[in-house]
Amino acid sequence: MDMPQKMAPGFKVNSRLVTLTPGMYLLRYGAKDGAAVSIPITIHAAPVGKGSIDFFPAEGVTKNTLRHPGDCLVARVKSHQAGLVVSEYHPAQAEHAHPVNLHIDRVDTSENFGRTSPTSKEPEPVKPANVEGQPQPLPLKLLGHLEGRGDVTVTAPNWLGNPEGRARIEGFSIEWPDRPAEVDIAYTCYSSRAGQTPAIYSGGFAGSRAQASPITSLSLGLVGTEAQRYQLSGQVVFAGCPPLAIEPGKKLSGAKGTEQLVAMQVTLACKQGEVTVPRSPSPWNNPEVTQIFRAKQKPS
């Protein structure tokens, strides 16, 4: 989620939070097309999660700061899920602070690394989309606790709540039937009574029920090794404000930050020409691989 801040004259700071499950990760500064100025990125442990993080900077990298394409460091997450704060330092004169491409790769340290199972099945191709060149939509269910109505369930791409109304959504969950093991939807929200939730995954409930507590901000994204094969989109509406497009990992709120969430519409699609991996019976424990920074990882 975005946490824009102000600092000394000449710079603006845009901070983001990423959660990682235990393991080894390679964090690399990625080149951005058309970027005339390199934007420094600092990476530090966040007070989120019960795990701990050790950092091992590459030669030329100091104070956990990546400055140029190719700069990298290794992060080791131990014991439990832990969080990273990634801060980007943008020139103050820049009109728009576009996020830098920070690639987070998990290093495979399992005993199965490099092995090929003779009994493993080939990935099954995705059926072509109905409209040529368009991603293939996948079934989703949205459940929400709505002011004056209680629990309401809709199927994507229908709206949960009324985009033109003012009745609040106090809590919600997103269900993804037949979800592959290697990808999931992660979401967080903030409400006056429940506060800021940690990352919640498909099927989990965010917010509250029957406590008259509005949601004033939320963010959604995709996590997992196959996240890059899917496209998450939609809109959310806060009371009295125009619809906001869902951007994976971006914090969404009303104009003042206090308006209550009244409607949301979420769609998920498998990108045209990609393949899916059969669901594994083992617990999901693989964070994203070569995924542009924005996503949060699913805890083991």
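Q: What percentage of the 300 residues of the protein count as buried?
A: The structure is a predicted model. A residue counts as buried when its relative accessible area is under 20%. By that cut-off, the share of the 300 residues that count as buried is 46%.

Q: How many helices and how many strands make up the secondary structure of the protein?
A: The secondary structure of this predicted model is made up of strands, with no helix assigned. The totals are zero helices and 26 strands.

Q: Among contacts between residues at least 6 apart in sequence, what percentage join residues at least 24 apart?
A: A contact here means heavy atoms within 4.5 Å. Among such contacts between residues at least 6 apart in sequence, the share that joins residues at least 24 apart is 72%.

Q: What percentage of the accessible surface of the protein belongs to carbon and sulfur atoms?
A: The accessible surface of the protein comes to about 15500 Å². The part of this surface that belongs to carbon and sulfur atoms is 52%.

Q: Which element of the protein has the highest mean pLDDT, and which has the lowest?
A: The protein averages a pLDDT of 77, and 73% of the residues score at least 70. Over residues 116-133 the pLDDT is below 50, and this stretch has 17 contacts in the model beyond near neighbours in sequence. Residues 273-300 also stay under 50, with 105 contacts beyond four places in sequence. Among the elements, the highest mean, 96, belongs to strand S14 (residues 160-161), and the lowest, 35, to strand S26 (residues 291-292).

Q: Which strands stand at the edges of the open sheet of four strands, and why is one side of each left without a neighbour in the sheet?
A: The sheet is open and has the order S13-S12-S15-S19, with antiparallel pairing. Each edge strand has a single partner strand, so one side of it is left without a neighbour in the sheet. From one strand to the next, the twist averages 20 degrees. The strands at the edges are S13 (150-155) and S19 (205-207).

Q: Which residue in S19 stands opposite Ser173?
A: Strand S15 (residues 169-175) and S19 run antiparallel and are joined by three bridges. Opposite Ser173, the residue in S19 is Phe205.

Q: How many of the eight residues of strand S16 (residues 184-191) are buried?
A: Strand S16 is largely enclosed by the rest of the structure, because most of its residues are buried. Of its eight residues, the number buried is seven.

Q: Which residue in S20 stands opposite Tyr187, and which residue in S18 stands opposite Ala186?
A: S16 runs antiparallel to strand S20 (residues 215-223), to which eight bridges join it. S16 also runs antiparallel to strand S18 (residues 200-201), here with two bridges. Tyr187 stands opposite Leu220 in S20, and the residue opposite Ala186 in S18 is Tyr201.

Q: How many residues lie between S16 and S17 in the hairpin that they form?
A: Two bridges join S16 to strand S17 (residues 195-196), and the two run antiparallel. The number of residues between S16 and S17 in their hairpin is three.

Q: What is the relative accessible area of Ser191, and is this residue buried or exposed?
A: Ser191 has its place in strand S16. Leaving aside neighbours within four places in sequence, Ser191 is in contact with Ser213, Pro214 and Ile215. Ser191 is buried, and its relative accessible area is 0%.

Technical notes. Residues numbered from 1 in each chain as written. Predicted model: local features only at pLDDT ≥ 70, side-chain atom pairs only at ≥ 80, totals over all residues. Heavy atoms only, no water. Pairing = 2+ DSSP bridges. Axes fitted to C-alpha atoms, helices over the stretch in contact; angles between N-to-C directions. Buried < 20%, exposed > 50% of the residue type's maximum accessible area, 1.4 Å probe, protein only. Areas by Shrake-Rupley, 256 points an atom, 1.4 Å probe, with all protein chains shown as cover. pLDDT = per-residue confidence, 0-100.
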